[in-house]
There are 4 protein chains.
Amino acid sequence: MIGIAVIGAGRIGQIHAANLARNPRARLLYISDSIEAAAKDLAQRCNARVASLDRLLDDRAVDAVLIASSTDTHANLVERAAKAKKAIFCEKPLDLDAAAAQRCVDIAQQHAVRLCVGFNRRHDPSFDKLHSEIRAGQIGDVEVISITSRDPSPPPADYIARSGGLFRDMMIHDLDMGRWLLGEEPDQVYATGSALASDDIRVAGDVDTAIAVLRTPSGRLCQITNSRRCTYGYDQRIEVFGSGGLLRVANATQTRLERADANGFATEPALPFFLERYADAYRIQLDRFLRALGGDALDIPSGNDGVRALQLADAAQKSLQTAAPVAV
Amino acid sequence: MIGIAVIGAGRIGQIHAANLARNPRARLLYISDSIEAAAKDLAQRCNARVASLDRLLDDRAVDAVLIASSTDTHANLVERAAKAKKAIFCEKPLDLDAAAAQRCVDIAQQHAVRLCVGFNRRHDPSFDKLHSEIRAGQIGDVEVISITSRDPSPPPADYIARSGGLFRDMMIHDLDMGRWLLGEEPDQVYATGSALASDDIRVAGDVDTAIAVLRTPSGRLCQITNSRRCTYGYDQRIEVFGSGGLLRVANATQTRLERADANGFATEPALPFFLERYADAYRIQLDRFLRALGGDALDIPSGNDGVRALQLADAAQKSLQTAAPVAV
Amino acid sequence: MIGIAVIGAGRIGQIHAANLARNPRARLLYISDSIEAAAKDLAQRCNARVASLDRLLDDRAVDAVLIASSTDTHANLVERAAKAKKAIFCEKPLDLDAAAAQRCVDIAQQHAVRLCVGFNRRHDPSFDKLHSEIRAGQIGDVEVISITSRDPSPPPADYIARSGGLFRDMMIHDLDMGRWLLGEEPDQVYATGSALASDDIRVAGDVDTAIAVLRTPSGRLCQITNSRRCTYGYDQRIEVFGSGGLLRVANATQTRLERADANGFATEPALPFFLERYADAYRIQLDRFLRALGGDALDIPSGNDGVRALQLADAAQKSLQTAAPVAV
Amino acid sequence: MIGIAVIGAGRIGQIHAANLARNPRARLLYISDSIEAAAKDLAQRCNARVASLDRLLDDRAVDAVLIASSTDTHANLVERAAKAKKAIFCEKPLDLDAAAAQRCVDIAQQHAVRLCVGFNRRHDPSFDKLHSEIRAGQIGDVEVISITSRDPSPPPADYIARSGGLFRDMMIHDLDMGRWLLGEEPDQVYATGSALASDDIRVAGDVDTAIAVLRTPSGRLCQITNSRRCTYGYDQRIEVFGSGGLLRVANATQTRLERADANGFATEPALPFFLERYADAYRIQLDRFLRALGGDALDIPSGNDGVRALQLADAAQKSLQTAAPVAV
């Protein structure tokens with residue numbers, strides 16, 4: 001069993017802690033949070049103890065740390081954990097600054113600790129199977145990828161201010177999926193966008209509606225559509241078109257109940273948001289992290305993946321601002 | 001080109017006349033109807049002439065007659081047309097009385113004229129392909145068939161009175177489809193039903209909701225569900241389960257437009273009723289009749305099929321009344 | 001927390017024990033099985049202890065027992081547990097003999113212990129929502145129910161011999177669902193069937209393909225189709241037709257991946273069998289049992305439901321043998 | 001009835017002629033083609049006469065001409081027809097050169113004759129309803145449009161050479177649909193592409209795989225994906241995302257037959273190509289042209305629409321070559 005500590009007892013930290021508490025490969029030892037009460041409450045629910053950072057990094061029973069605190073603390077925590085020789089699972093992004101993110105990777109490498117980044121979508125069973133089918137050659141050569149990703153509603157104004165903008169905060173997930181599924185690094189990014197859904201976002205100089213197009217050296221293309229508003233749930237779809245056919249993943253619903261009346265045949269809306277849509281993915285993600293630490297050869301997103309996705313997000317942001325494609 | 005006369009200028013006669021007028025294999029010569037104005041109107045729209053029965057049966061240019069008048073006139077018209085050596089396409093049923101229907105078949109045979117019955121559904125492209133796939137062995141041996149068939153709303157009270165009841169009027173189509181798809185004659189029928197949708201139907205002693213189960217000597221089963229009320233259009237589905245898999249045909253909609261909002265993902269309701277749902281089938285049906293008269297070897301429903309379906313309907317009616325399966 | 005003991009460490013006992021071990025409302029204390037090694041192995045995996053029946057029934061810390069042993073032991077175990085004042089969750093059926101099943105209910109009542117029966121399907125989130133929507137009047141009055149239920153392959157010959165036949169072993173689940181969704185007790189059952197899929201079943205005098213039709217006093221109808229063979233997975237579908245529309249639940253697949261090529265657009269086959277299809281239902285079922293014991297007013301299947309479903313299965317079996325509908 | 005002459009007896013001319021021959025509003029008078037035999041053959045099949053251009057333009061019974069000859073003849077024919085005071089239906093494009101296309105519009109205006117362009121897809125019943133639902137405000141404000149359009153296989157090498165390239169030849173249809181559905185003129189186009197499917201196309205310096213992104217002044221976005229290869233038929237889908245929800249149109253299949261076996265649940269591939277997919281659209285398109293000539297106020301694509309789509313295609317082509325967005 002792998003001894004683990006969770007840093008950050010907010011919404012996402014709670015998800016991770018609950019998954020760790022139920023995972024037979026893990027021993028959830030500590031919860032740490034700058035808000036003592038939050039740490040205490042979560043620790044109690046998970047049979048763990050509250051600990052300061054110093055204490056948990058000092059404890060040799062702690063093999064790994066899971067960083068789920070606010071983004072601006074990530075880089076520092078990665079550094080401290082690496083120095084303490086703990087394996088690291090860090091929520092995305094490592095940092096909003098690509099250079100700082102790269103330093104995280106370098107430090108982890110220097111101290112020879114594993115650094116994984118929380119790109120949860122790669123672990124969704126449907127997307128995971130999509131990826132394996134592509135790699136198994138089921139649709140020949142990948143030619144075009146279409147990613148549709150829409151959040152149900154804009155985040156609060158204060159979140160927008162420190163989010164790094166739509167590309168670094170939201171599209172970064174889709175950029176990672178694009179890279180992963182293309183099977184080849186994009187070398188050009190074009191992006192455009194508008195603020196159509198939220199005045200707060202417009203005022204903040206950000207966009208809430210965006211399209212990006214990635215291009216790889218061999219000419220493979222990937223288009224991503226994002227919106228911060230979606231009336232029918234959390235819209236998460238991917239379509240991969242290859243020389244031999246198409247593979248696609250449709251939205252998930254709560255149940256498979258369908259209704260027919262004079263208005264037609266209706267299924268449920270898509271699952272409301274990421275906690276529901278990626279509940280399985282969050283669980284599998286940590287299980288794979290634990291298995292990887294246990295020695296299994298698993299392809300899980302590394303610090304490098306985190307850096308690369310951030311570079312693509314930066315390029316998209318620059319493309320939006322310069323109204324020109326950007327080389328990466 | 002085959003010279004043809006249409007007898008009956010009502011709703012279904014109009015459909016047939018319009019299809020004949022557009023078919024390059026046919027020359028629509030006459031329209032006949034007991035209501036002179038109706039005949040005139042339809043004849044004008046189809047570039048045909050109005051004629052009395054005597055006249056059109058006398059005209060040697062008339063190779064075939066299409067009987068689309070009221071059910072109680074069918075048997076007599078079949079007899080007269082057979083004696084006049086005209087090929088016959090007769091709307092279902094030949095007669096509400098199975099013995100009278102059998103006489104139609106006998107007379108047609110005696111005079112060596114072709115007698116076809118208007119089981120339009122067999123000519124629907126989806127059902128037709130379903131049938132060919134079964135015959136081609138695509139799902140191995142047929143084991144169970146499920147037929148769902150629901151009309152949008154009950155017919156008027158006066159129609160109910162002379163309809164012969166749900167089994168002879170409505171389910172007869174499904175009984176024919178069952179026979180056709182089973183590939184083996186049923187030898188036992190069980191049926192039960194209720195009047196849940198219409199007081200008129202209850203008062204008339206008829207049912208508007210019914211289930212029938214057919215059994216063949218080798219043990220194949222077919223279940224049919226009927227209702228005279230359906231809020232989401234004309235519900236017409238068939239599912240055939242075989243040793244090697246399942247084949248099924250879903251409902252048709254006017255367009256393929258889908259809508260998503262907070263209520264979910266919705267397609268259109270099913271097409272409203274038989275004129276829309278079977279528009280193609282009606283056209284193909286007559287084209288095949290004409291091709292068969294021209295010598296093509298086509299499997300189109302004969303007078304015998306009409307008699308056999310009626311016998312199954314009679315058995316279903318008797319089963320309903322006796323609350324016991326009936327051998328056929 | 002409710003102290004609980006699991007009797008029977010076979011396939012289904014393992015499912016239940018694992019769900020109890022993860023449920024915060026339960027304290028899984030003992031595993032009991034006539035095969036000592038099986039009990040030991042399961043107990044170890046679930047942090048429980050092995051115990052004899054006497055011991056666990058004597059232990060006051062045991063509030064409830066879960067009976068998952070072979071069917072022929074159920075009635076006796078229910079009696080002993082009732083006398084020991086334990087709440088009881090018993091896998092279906094209580095007994096293959098309806099009178100014996102009724103005695104279970106009587107004894108439980110006599111000793112004022114709760115007796116629940118494992119009709120897992122009622123707890124499936126899709127079917128559960130189907131039921132609530134009906135009760136909420138979303139489709140008006142229920143008129144016709146269609147249940148399709150097909151197992152992937154016939155059970156082993158020795159299982160068939162002691163199964164009680166298709167109606168008591170397999171269709172009993174569908175009969176329970178029919179009763180539950182109809183909202184009115186059926187008073188007539190017609191059933192017919194054949195042995196088309198398995199020689200073992202034919203030789204045993206049982207059927208592997210069957211259709212049953214239920215009728216209620218007010219004229220509501222329910223048809224059930226069963227097969228012991230299905231090439232595309234475990235086929236589990238329900239369709240409920242009411243005066244105001246249709247509600248239906250489609251099959252579940254492992255992932256939502258879809259593939260398109262020259263053969264068309266294909267989704268995955270249905271989930272392979274009940275352990276996969278009803279994984280959530282098994283978990284929810286026990287959670288509700290525990291919540292009901294904790295005082296929540298929940299509609300969960302009782303001993304009476306077990307008896308009633310068995311009576312319908314007996315009626316179906318008799319109908320098959322007498323080729324006539326049977327009153328219940 | 002409107003007297004009409006068809007110029008061009010090739011594949012598309014034959015479609016149009018057949019539709020005109022069956023349309024009660026039209027009197028198909030002449031067929032003209034530089035290949036006399038082709039004209040003769042088509043005229044015979046449609047009960048029309050063969051005529052030279054001079055003759056048909058001189059005949060006062062000819063109210064309108066339908067131009068379906070090769071692209072390089074369009075502009076000249078439009079001019080001659082306009083001068084002869086004939087209404088004009090011209091297949092797309094008016095010309096591969098936008099200035100020449102504009103001259104067509106000017107000349108038609110100068111001579112006060114109606115000039116319509118064959119953007120068939122606007123007349124597809126599903127896309128047409130999509131458009132009306134948007135205009136009726138069913139999804140609020142349009143924000144993002146996704147158009148997927150894939151041909152089954154690359155055209156022959158000699159066609160590629162004179163096609164004007166993917167954007168002017170193939171994507172022009174999608175660009176027109178984008179404009180039409182956006183409800184606002186795009187003022188910026190970005191396009192990128194590759195030659196992945198065909199060596200002929202690569203050698204010709206053209207692309208067979210492309211993505212374009214359109215932007216309107218108010219910030220609405222439209223992305224278009226094209227490929228000249230598609231294994232599952234002619235892929236024609238549109239998705240429109242608005243402030244209030246999503247509207248989309250899925251692919252069409254030949255029949256609604258579905259099959260289930262161990263490989264999953266499969267529907268048919270998409271209809272093979274445009275003649276099948278847009279058979280209804282071609283018929284409706286001409287009927288609307290005829291009704292518009294008869295005085296009905298119908299929104300059908302005009303010469304201006306033809307010019308505007310061509311300008312967008314030119315911009316896309318320029319964007320591909322300069323690797324930068326292009327203002328229009």
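This report describes an interface, a strand arrangement and several salt bridges in a predicted model.

## The interface of chain D and chain C

Where chain D meets chain C, 14 residues of chain D are in contact with 14 residues of chain C. The size of an interface is often given as the accessible area lost when the parts come together. For chain D and chain C, about 1000 Å² is buried between them, and 60% of it lies on carbon and sulfur atoms. The count of salt bridges between chain D and chain C is zero.

On the side of chain D that touches chain C, the elements giving two or more residues are strand 13 (257-261) and strand 14 (264-267) of chain D. Strand 14 of chain D gives the most to this side, with four residues. By class, the side of chain D that touches chain C comprises seven nonpolar, five polar and two charged residues.

Strand pairing also crosses from one chain to the other. Strand 14 (residues 264-267) of chain C and strand 14 of chain D run antiparallel and are joined by three bridges. Within this pairing, Ala266(C) is placed opposite Ala266(D).

## Strand 8 of chain C

Strand 8 of chain C spans residues 188-194 and is mostly covered, with six of its seven residues buried. This strand is joined by seven bridges to strand 9 (residues 209-215) of chain C, and the two run antiparallel. Strand 8 of chain C is also joined to strand 15 (residues 326-327) of chain C, by two bridges and again in an antiparallel arrangement.

Val189(C) illustrates both pairings. Its bridge partner in strand 9 of chain C is Leu214(C), while in strand 15 of chain C Val189(C) stands opposite Val326(C).

## Salt bridges

Over all chains, the structure holds 124 salt bridges.

| Arg80(B) | Asp54(B) | 2.5 Å |

The salt bridge of Arg80(B) with Asp54(B) has its closest N and O atoms 2.5 Å apart. This pair links distant parts of the chain, 26 residues apart: Arg80(B) lies in helix 4 (residues 71-83) of chain B and Asp54(B) in helix 3 (residues 53-58) of chain B. Arg80(B) counts as partly exposed because its relative accessibility is 30%.

Glu185(B), at 33% relative accessibility, counts as partly exposed.

In chain C, Arg283(C) and Asp280(C) are three residues apart in helix 11 (residues 279-293), so about one helical turn separates them. Both partners count as partly exposed: Arg283(C) at 41% relative accessibility and Asp280(C) at 40%. In chain A, salt bridges that share partners join Arg122(A), Asp176(A), Arg179(A), Glu185(A), Asp305(A) and Arg308(A) into one network.

## Asp176(A) and its surroundings

Asp176(A), a member of that network, is found in helix 8 (residues 166-182) of chain A. With a relative accessible area of 0%, Asp176(A) is buried. Leaving aside neighbours within four places in sequence, Asp176(A) is in contact with Phe119(A), Arg122(A), Asp305(A) and Ala309(A). Of these contacts, Arg122(A) and Asp305(A) also belong to the salt-bridge network.

## A loop residue in chain B

Pro156(B) is placed in the loop between strand 7 (142-150) and helix 7 (157-161) of chain B. Pro156(B) is exposed, because its relative accessible area is 52%. Pro156(B) and Ile201(B) are 45 residues apart in sequence, and their C-alpha atoms are 9.3 Å apart in space.

How values were computed
Residues numbered from 1 in each chain as written. Chains lettered and ligands numbered in written order. Predicted model: local features only at pLDDT ≥ 70, side-chain atom pairs only at ≥ 80, totals over all residues. Heavy atoms only, no water. Contact = heavy atoms within 4.5 Å. Buried area = accessible area lost by both parts, 1.4 Å probe. Salt bridge = Lys/Arg side-chain N within 4 Å of Asp/Glu carboxyl O. Nonpolar A, V, L, I, M, F, W, Y, C, P; charged D, E, K, R; others polar. Pairing = 2+ DSSP bridges. Buried < 20%, exposed > 50% of the residue type's maximum accessible area, 1.4 Å probe, protein only.
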